[in-house]
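Colleague: I have a model open and want to learn how to read it. Can you take me through it feature by feature?

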Amino acid sequence: MRSSVLSINSARSALTATPPLDRAVSSALPTRLRPADLLRLTDEGAEDVLAGRYDHLLPANGIWPVEERWATRLLADDEVDVWLISWTPGKSTELHDHAGSLGALTVLSGALSEFRWNGTELRRRTLTAGDQASFPIGWVHDVMRAPAAAGDSLPAARNGTAESVGPLDPTLSVHAYSPPLTAMSYYEVTGHGTLRRTRTVLTDQPEGDM
């Protein structure tokens with residue numbers, strides 16, 4: 001995993017020391033934090049999880065849920081919240097955005113499949129342990145645990161197959177949102193190859209309701 005180079009406190013200190021942005025520009029920005037800051041925070045959060053600093057927040061006896069996604073908030077303030085998510089097979093987040101929040105993630109273990117809308121189609125990428133990704137405002141994607149079998153063309157929920165997973169075999173990722181997540185919009189791809197919003201919900205749950 002990439003070495004963390006900026007703690008939450010030092011990130012805020014650095015941002016505080018930065019000369020103020022032009023007023024007209026800063027008023028249009030949702031947060032002082034930038035994608036690079038969120039990537040550093042998720043990287044640091046991942047290292048803290050692996051180091052055992054959040055063991056008190058983890059499932060009892062190290063038994064991870066196998067039916068539904070699970071999440072716990074690691075840190076939160078007015079600028080950013082940081083979450084640990086455990087992913088289970090076949091549970092898609094659905095296509096969604098993060099409303100007015102920037103986002104980022106670091107994968108701790110296992111692998112995630114992301115389907116991102118690029119304006120004309122869904123493009124897939126796989127993120128494995130140590131990989132990171134950031135999400136600007138307007139990013140529409142669907143995320144789920146990647147299939148275990150090499151060569152699968154689509155995740156389980158999209159090709160109708162199932163994948164076995166044990167309670168000691170988690171796929172974990174750390175996510176950060178700034179400002180803290182308050183809403184998400186969901187989408188579907190129409191028969192004309194366009195994206196249509198289906199609903200908007202108020203939520204503070206990472207990557208959709210668990």
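**Reading the strands, the cores and the helix**

Modeller: Start with a hairpin. β1 and β2 form one, with 4 residues between them. Keep in mind that this is a predicted model.

Colleague: In which sense do β1 and β2 pair, and over how many bridges?

Modeller: First the general idea. Strands of a sheet pair through backbone hydrogen bonds, either parallel or antiparallel. Here β1 and β2 pair in the antiparallel sense, over 6 bridges.

Colleague: Which residue of β8 is the bridge partner of serine 86?

Modeller: Leucine 172. β2 pairs with β8 too, antiparallel and over 7 bridges.

Colleague: How do I read the two faces of β2?

Modeller: In a regular strand the side chains alternate between the two faces of the sheet. In β2, Asp81, Trp83, Ile85 and Trp87 point one way. Val82, Leu84 and Ser86 point the other way.

Colleague: Are the residues of β2 buried or exposed?

Modeller: Buried, 7 of 7, so β2 is largely enclosed by the rest of the structure. For the protein as a whole, 43% of the 210 residues count as buried.

Colleague: Now the nonpolar cores. What is the idea?

Modeller: In soluble globular proteins, nonpolar side chains tend to be buried together. The largest nonpolar core here has 18 residues. Leu38, Val49, Leu74, Val80, Leu84, Leu108 and Val174 touch the most other members. The elements that give two or more residues to this core are α3, β1, β2, β3 and β8.

Colleague: Which element gives the most to this core?

Modeller: α3, with 4 residues. There is also a second, separate core of 10 residues, which includes Ile85, Leu112, Leu127 and Trp139.

Colleague: How do I check α3 as a helix?

Modeller: At 1.5 Å a residue, the 16 residues of α3 should span 22 Å. The end C-alpha atoms are 23 Å apart, which agrees. The buried residues of α3 include Leu38, Leu41 and Val49, but also Asp37, Thr42 and Glu44. After α3 comes glycine 52, with a positive phi near 90°.

Colleague: Where is serine 178, and is it buried or exposed?

Modeller: Serine 178 is in strand β8. At 0% relative accessibility, it counts as buried. The side chain of serine 178 makes a polar contact of 2.6 Å with the side chain of threonine 31. Beyond its neighbours within four places in sequence, serine 178 is in contact with residues including Leu33, Leu38, Glu79 and Ser101.

Colleague: Which strands form the open sheet of 3 strands, and in what order?

Modeller: The order is β5-β4-β7, with antiparallel pairing. β5 and β7 are the edge strands, as each pairs on one side only. The twist averages 20° from one strand to the next. β4 and β5 pair over 7 bridges. Tryptophan 117 has leucine 122 of β5 as its bridge partner.

Colleague: And the β9 and β10 hairpin?

Modeller: There are 5 residues between β9 and β10. Glycine 193 in the turn has a positive phi of about 75°. The two strands run antiparallel, joined by 7 bridges. Tyrosine 186 stands opposite arginine 199 in β10. In β9, 5 of the 7 residues are buried, so this strand is largely enclosed by the rest of the structure.

Colleague: How many helices and strands are there in the protein?

Modeller: 4 helices and 10 strands. Along the sequence, the pattern is α-α-α-β-β-β-β-β-β-β-α-β-β-β.

Conventions:
Residues numbered from 1 in each chain as written. Predicted model: local features only at pLDDT ≥ 70, side-chain atom pairs only at ≥ 80, totals over all residues. Heavy atoms only, no water. Pairing = 2+ DSSP bridges. Axes fitted to C-alpha atoms, helices over the stretch in contact; angles between N-to-C directions. Buried < 20%, exposed > 50% of the residue type's maximum accessible area, 1.4 Å probe, protein only. Polar contact = N/O pair within 3.5 Å; in protein donor to acceptor, adjacent residues only side chain to side chain. Contact = heavy atoms within 4.5 Å. Core = buried A, V, L, I, M, F, W, Y, C linked by side-chain atoms within 4.5 Å. Expected span 1.5 Å × (residues − 1).
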